[in-house]
Amino acid sequence: ALLRSTLPATAIMKMLQPPPTSTKDSSRPKFVPPKVNKAPVEDTSDSATEWISYVLERLVSRGLVLQVLQSAGGKSTSITPEQVVLMSCIRQAVDDYQLSLPSATESGAFDMRRLSITANSRKAPHPLWGRGDGLRTAVPVLHSLANEADKMRLRALQLQSSCDGEEYDGELNCTNHIIHDIRDILAQCLGQGSSQAYNDQCILAEARSVLGRETSLIANCCEDLAKIVDVSLTNNSGKSARELQLSTHEQETAISTVRLIGNLVYHCQHNQNLLRSTVALQTAELNAGNSIKDRHVLNRTGLHVLLSATSLGPACFTLREWCIVTIRNAVENNEANIEMVRRLEANE
């Protein structure tokens with residue numbers, strides 16, 4: 001439920017208790033009439049809260065996630081804590097939906113990491129676009145989320161460059177958190193498992209193409225991943241592979257970013273080429289012109305950054321696995337990318 005994260009702990013524990021045994025099975029909340037006497041009520045999770053949650057869930061599942069998100073914000077460009085809570089709950093709903101899908105064995109897929117699960121399940125509506133027309137609903141929803149993440153990223157960069165630019169304490173953390181949640185939602189929705197609700201691969205193919213051509217999602221992901229790689233390698237300079245350390249935030253951000261890139265380039269030649277041609281400029285910019293090596297680093301592309309991210313594998317095994325999957329998706333049926341990877345490996 002979208003609002004339950006804002007309720008007191010006692011109410012949340014009440015909600016988590018299993019419902020009483022009943023022959024009727026209904027997902028709709030029941031109206032609870034108010035007590036006649038004036039006795040205090042311990043359970044704050046009243047029927048009004050249940051109905052508000054129910055309405056929000058239905059609005060989001062009808063492709064109105066952006067409108068709901070904006071309604072929780074303020075008049076300025078700042079991200080509000082309410083928006084962070086809302087997006088975290090939506091992300092949890094997407095997580096639950098993905099977990100409810102048939103496993104690779106049940107769906108007949110050979111390898112889940114290839115992101116090629118196929119199934120014929122229509123049991124549950126998708127939390128972002130329900131059971132509607134995927135091409136008419138799903139693609140615009142994902143496109144709007146990607147554009148919103150780009151706007152939030154610009155705000156985060158503005159806050160990072162200003163010491164006193166926050167409108168409230170913790171605004172930068174909230175902004176980074178919601179960007180991470182949106183990217184994780186996009187990564188999950190672009191995975192092949194999401195097409196099970198429609199049994200239609202063209203929905204995801206169209207979504208990848210639109211996000212690659214009409215947004216700067218791939219370029220921004222490459223730049224953010226490059227920053228993590230640069231900062232991590234600098235902080236761990238002189239350490240052995242076993243001594244590499246990444247903060248929890250760096251690990252989560254890197255994994256979701258690499259996973260999103262991998263799902264964007266899967267079976268999409270335009271995005272594969274975009275990954276190869278996108279130039280990622282980060283901390284190496286500061287050393288521009290100092291040496292031939294620095295100039296080479298300045299011209300590194302997204303594919304180069306992706307290969308560099310594998311060096312952080314000893315500090316995060318999951319990141320290494322997703323880097324391998326993403327590189328494989330990036331070079332599949334793309335000779336130019338294969339040649340670039342060979343050349344980069346030869347220069348190491």
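How many helices and how many strands are there in the protein chain?

1. Overall make-up. The protein chain holds 15 helices and zero strands, where helices (H or I, at least four residues) and strands (E, at least two) are DSSP runs numbered from the N terminus. This is a predicted model, in which local features need pLDDT of at least 70 and side-chain atom pairs count only at pLDDT 80 or more, while totals for chains, interfaces and linings use all residues. Residues are numbered from 1 along each chain as its sequence is written, and side-chain values use heavy atoms, with hydrogens and water left out.

2. Confidence. The mean pLDDT of the protein chain is 77, and 70% of its residues reach 70 or more; pLDDT is the predictor's confidence in each residue, from 0 to 100. Over residues 21–32 pLDDT stays under 50, and the model has eight contacts beyond four places in sequence for them, a contact being heavy atoms within 4.5 Å. Residues 283–298 also have pLDDT that stays under 50, with 12 contacts beyond four places in sequence. Where pLDDT is low, the predicted coordinates should not be read in detail.

3. Burial and surface. Of the 348 residues in the protein chain, 47% are buried, where buried means under 20% relative accessible area, exposed over 50%, and partly exposed in between (1.4 Å probe, protein chains only). The accessible surface of the chain comes to about 18,900 Å², and 53% of this belongs to carbon and sulfur atoms; accessible areas come from the Shrake-Rupley method with a 1.4 Å probe, and for residues only the protein chains shown count as cover. Among contacts between residues at least 6 apart in sequence, 73% join residues at least 24 apart.

4. A nonpolar surface patch. Val55, Leu59 and Leu64 form a nonpolar patch on the surface, with about 200 Å² of accessible area together. Patches are made of residues with over 30% relative accessible area and no salt bridge, with like charges joined within 9 Å and nonpolar side chains (Val, Leu, Ile, Met, Phe, Trp, Tyr) within 5 Å. Leu59 is placed in helix H2 (residues 47–60), and Leu59 counts as partly exposed because its relative accessibility is 32%.

5. Salt bridges. A search of the whole structure finds 10 salt bridges, each being a side-chain nitrogen of Lys or Arg within 4 Å of a carboxyl oxygen of Asp or Glu. Arg259 forms a salt bridge with Asp184, the closest N and O atoms being 3.9 Å apart. This pair links distant parts of the chain, with Arg259 in helix H10 (residues 248–265) and Asp184 in helix H7 (residues 171–190), 75 residues apart. Arg259 is partly exposed at 22% relative accessibility, whereas Asp184 is buried at 7%. Salt bridges that share partners join Arg91, Asp181, Asp184 and Arg259 into one network. In another pair, the side chains of Arg58 and Glu57 meet at 4.0 Å, N to O; Arg58 counts as partly exposed at 30% relative accessibility, and Glu57 counts as partly exposed at 28%.

6. A buried serine. With which side chains does the side chain of Ser78 make polar contacts? Ser78 lies in the loop between helix H3 (65–71) and helix H4 (81–100), and counts as buried because its relative accessibility is 6%. Its side chain makes a polar contact with the side chain of Arg155 (3.3 Å) and another with the side chain of Glu167 (3.1 Å). A polar contact is a pair of N or O atoms within 3.5 Å; within protein, one must be able to donate a hydrogen and the other to accept it, and residues adjacent in sequence count only if both atoms are side-chain atoms.

7. Backbone points. Most residues other than glycine have a negative phi, and most peptide bonds are trans. His267, in the loop between H10 and H11, has a positive phi of about 55° although it is not a glycine, and His267 is exposed, with a relative accessible area of 55%. Asn333 also has a positive phi of about 55°; Asn333 lies in the loop between H14 and helix H15 (335–347) and counts as exposed at 70% relative accessibility.
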